[in-house]
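Okay, everyone, thanks for coming. Let me put the model up and then walk you through a few bits of it.

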Amino acid sequence: MKVLGRIILLATKHRWRLVGLYAAMIGGTSASLLLPKLFGSAIDEIDGILNGGTYVETAIIGIALGILIASLVQGLLGYAQTYFTESLGESTIYDIRNTYYQKVQNLSFAFHDKQHTGNLMSRAINDVQSMRGFVNQGLSTTPHVIVLFVVVTILLVRLDWKLGLIAAGFLPIASALSVYVRFHLRKAWIRFMEHMGNLSTVLQENLSGVKVVRAFGIEGYEEGKYERWNSKVKDDVVLATKWELAYNGLLRLTFFGVMAGTLLYGGHQVVGSNLTPGELGQFFFYLQILMMPMWNVGGIITSTARAVPAGQRLFEIIDMPSPVQEAPNAVDLTRSQGHVRFEGVCFEYSSRRPVVNNVDIDAAPGKLIALVGPPGSGKSTIVNLIPRFYDIASGCITIDGHDIRDLTLKSLRRNIGIVQQDVFAFTATIAENIAYGKENATREEIVAAAKVAQLHDFIETLEDGYDTELSERGSNLSGGQRQRLSIARAVLVDPPILILDDSTASVDAHTEEQIRLAMEHVMVGRTTIVIANRLSTVHKADEILVMDDGSVAERGTHSELIERGGLYREIYDLQLRPQEQVLREFDVPMPVAALMEAS
Amino acid sequence: MTTAQVTAKAKRDKEELVDGVERYGKAFDSRIFGRFVHYVGPYKMLVVIGILGVVVFSLSQVALPWIIKVAIDDYIVPGNLPGLWWIVMLFIANAIVNRVAGVAMDLSMTKAGQGILYDLRAEMFSHLQKLSMSFFNKTEVGRLMSRVLGDVGQLQESLQVAVNFSGELVSLIGISIAMMFISVKLGLLAMSVLPVLAIVLVFWQRRAKKSFIRARQSISDVNGALNENISGVRVVQSMNRQDRNAVLFDEKNKNNFNAVVDVTKISAVLIPVVDILRAVSIGLVIVFGARMVIGDSLQVGALFALILYIQRFFDPLRNITMQYTQLQRSMASGSRIFDLLDTKSDVVDSPMAFDLPKLDGEIELRNVKFGYDPGVEIIKDVNLHIKPGETVAIVGPTGAGKTTLISLIGRFYDVQRGSGAIMVDGHDIRDVTRKSLARQMSMVLQEPFLFSGTVKENIILDHEEVTHEQIVVAATAVGAHDFIMKLEDGYDTELEERGSNLSVGQRQLISFTRAIIADPRILVLDEATANIDTNTEAQLQRALKTLLEGRTAIVIAHRLSTIRSADKIVVLQDGRVAEMGTHDELVDSDGLYAHLNKMNYAALESTRV
């Protein structure tokens, strides 16, 4: 109920559309309620002639004209009602879409780590549509049905109170039924939506992971996974249809009962001369008016049943507080000197063990800090804390002495350039992709950045050069090209602080060498924090932090660490010495052979 | 990707878009319709019941006013009250028939329809399993998703429409006949406004079509923007693009709003048109009916029934026009669905294909030539012989064709007959079933891919016979066990989308474990260690040494240290084998390999000073 109320509240923001809707509805309904009366008069007029009355052509033509005028008003206002209803629904979902979009865009990484894109999309597409359905049905159809019920019942009771009561008896039956069915329908639709979500996840992963599927020959296994949800989706729809049918069937049968009762009782009244044939006719015409919106009751119930879970799912996101909040009195960080400090920083992803534990870093302006360590040792997490993609649990991170939580997110991130591990290209031209962080960049700046990132020569070979459109996620670029695109992006922003996350891992030695040289130029005058698996990219660091299980195991310059002979030395040795020799030194028992025999 | 590929792909995308718009218009395409009929087969009985239901339902609807007419003219007006009871009974009986037929119609059509949609979804999915990588390179995942879910969903909508449509058609015919029975003259008079309606509809259709297309395009723009920004949210936030993106999104959103409101404005035109024409029709019947009454050729009940019929007559007409647009959409969807189903895979098992026997692991490439696009050869005449159990490293600059070469060995693409052959244990891989090849060859790819589900499910895939101990042994061997145990639920930890709660290196270690569990004769590693840190890599190298024993292995790596221990190093350059030999041989020969080797170490050497 709360959800429905909130949807209605959102719709009522569009006041003038709502006013227009109800004005048109009242006018149009009044006109349409005149028609049965006019039809009845026509029948009585003709009945009069049959019973020996005089034939007055002008009276008949008058009635016909009345019908025409009433229909004209009904039609035009019907048009207005439809227009206002649709535009009300569309305005509402227009608002919701914008709100949802902005929310999703601003929720922190902690949120996105847990959400499937498909799931967020399905909310934006299907759930938003369900809401629109409810706005239309709830704010337009439902009041229309209620008004018709009340007014028609009053008209019928005034015509003949017994007949009127027969017709009105219909109302309580319908509402009792609807409450019962709504409950079951809602359950059926929730199940349907869940199963549809699962189906689309299986499909999406199968398509995105097609190489793995082919490489392992597991097509049959995948079909099994898919089939499970596919058949559930089918069963869900059939079940929901059964409920709708049961409801509709009973409703219509009741209605036919009312008509039969009217025919029998009304017939007796006409024979007893208590009712004219025209009045009996009126009765039927009114009942028929009642019938039309009655057929819509099924739709109202379905749309309400869908709107509640849909609304819940949408509002859940819209209301979600972002774990990363800007302080109310946050200040703008102007161009930073680039002094980044971590003091006793701890961080944990929700409900897991700490991934960053009591880390201290002091990156003076222009210095290069390198993070080294095994996977999962917390390197990526540390760099994600600086732009506040996640908020730390304890300790403090400062830039030029300002706690980053006291700065506006925008100004903070403007000062930080990031080359991420997963490179994302947008459907736009290459130039637009490079200028993603700096919209008003000139073509010269873009070209310069591309040159630094060693991407310019490649772009020049393309037919449309910088104006080449990239397709979905830049799938027409290779991994190395996308990575250089990401570097160009960061270069263009010209940030005082630069974060390189594994940025040169998947390019060949030749390209890597080029990028390395380029990056050396870029780093000049910037504070840079590098994560790299390759020592060749970090050896020039002013300080190297060797991470192990979330903590700093060792720190120092390259030569200091080499001398110390600890974990860093070990990694260093592994990189330089021939593999053969290493393998001989580490005589670890290999249980794999045992496994192979077993299987 | 090469320049040519990039341009070719952009061109294809554009063509497909134009194609889609042109195709959209058709509301009925006998070719597509004929194919749908084929899917009805298994549900024949249900459809027959459904059609019977439609006919009976519609006729009982038409009978309703007629029964009331008879009640008024033959029983109420003459005052025959006992007879009225019988006629009311008849009315109730008709109502029951109406309901039973209605339920039979809806339920059987829903069951048949859902069955067909289920079949279509399943067929599309299993068809997608058969298509080769060249198809997936050309086709975006989002587009395929919208084929399988969106377009099939459109058909679902049409299903209900089709049932209603046929029902309305039967009612329309029934009503026309009933009106003519009451009075030919009044019946014709009532229908005299139909030509006007027909003319209005023709003009309306033309105008409406355009706005429907615009609305559909605008909503796909909105969804496209949304999808991209959710997927790329990390870049958006790090580049501070939220405000600008919100403006861009609002533009698309607004555009969609306008397009949809425009559709409403146009489609709602039919409301006043139908209301007025109906009033004219009823007015004519009343005026002329009154005149006829003088000649005693019309009864009150008959006039009453006529008005009821006319009121019913126009609703089906209006609905049919509204449903027309839904049918258009379905036809477009149908044609896209069949296009997908008709896409031929260029890697198909030949009818004579046999399952590979257990392999020794000998691989031979004979004069292999290959290109993705005609005229652009990526692999130019490669000859290579790999003995069983040998480890071969493939090196070379970007674009040399390394990944393409191993994709051919894994039969992601087929080498065209006449462009050389790839033999495994002496069998041409085009003559064997793809599955039997895939089962004996494991690949660890550059970008690890994990599915939703637990770590364990991702390791075993379809090898359900594997015990937990075997999994632990395999994971320990590649150095994945320790971090897996640190996860919340160990091996039973649910992975977030594509394993985003793991680092790339960790994901890669899981793919390694997966490859071990598959127990292949041939192992292919495509830059598989690029994202793994040095420490883990050393451990992995040790594990691999044992793992590779007795298996044939092909390794692509940029890190020369990884490659050194290979039995043979193949240096690819521009689609050809430039050099081949052991590490020492190649270093001595002072060729491309020697150069790459020097470069990789130059950086570190310099620090020693």
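Strands here are DSSP E runs of at least two residues, helices are H or I runs of at least four, and both are numbered from the N terminus.

Before I go on, this is a predicted model: local features need pLDDT of at least 70, side-chain atom pairs count only at pLDDT 80 or more, and totals for chains, interfaces and linings use all residues. Residues are numbered from 1 along each chain as its sequence is written, with chains lettered from A and ligands numbered from 1 in the order in which they are written.

Strand 9 (residues 543-548) of chain A and strand 10 (residues 551-556) of chain A run antiparallel, joined by five bridges; two strands pair if DSSP finds at least two bridges between them. M547(A) has V552(A) as its bridge partner in strand 10 of chain A. Strand 3 (residues 368-372) of chain A runs parallel to strand 9 of chain A, with four bridges, and I369(A) sits opposite E543(A) there.

Now chain B. Here we've got an open sheet of four strands, order 2-1-4-5, with antiparallel pairing. Its edge strands are strand 2 (379-386) and strand 5 (427-428) of chain B, each pairing on one side only. Strand 1 (residues 363-370) and strand 4 (residues 421-424) of chain B share four bridges, and R366(B) stands opposite A421(B) in strand 4 of chain B.
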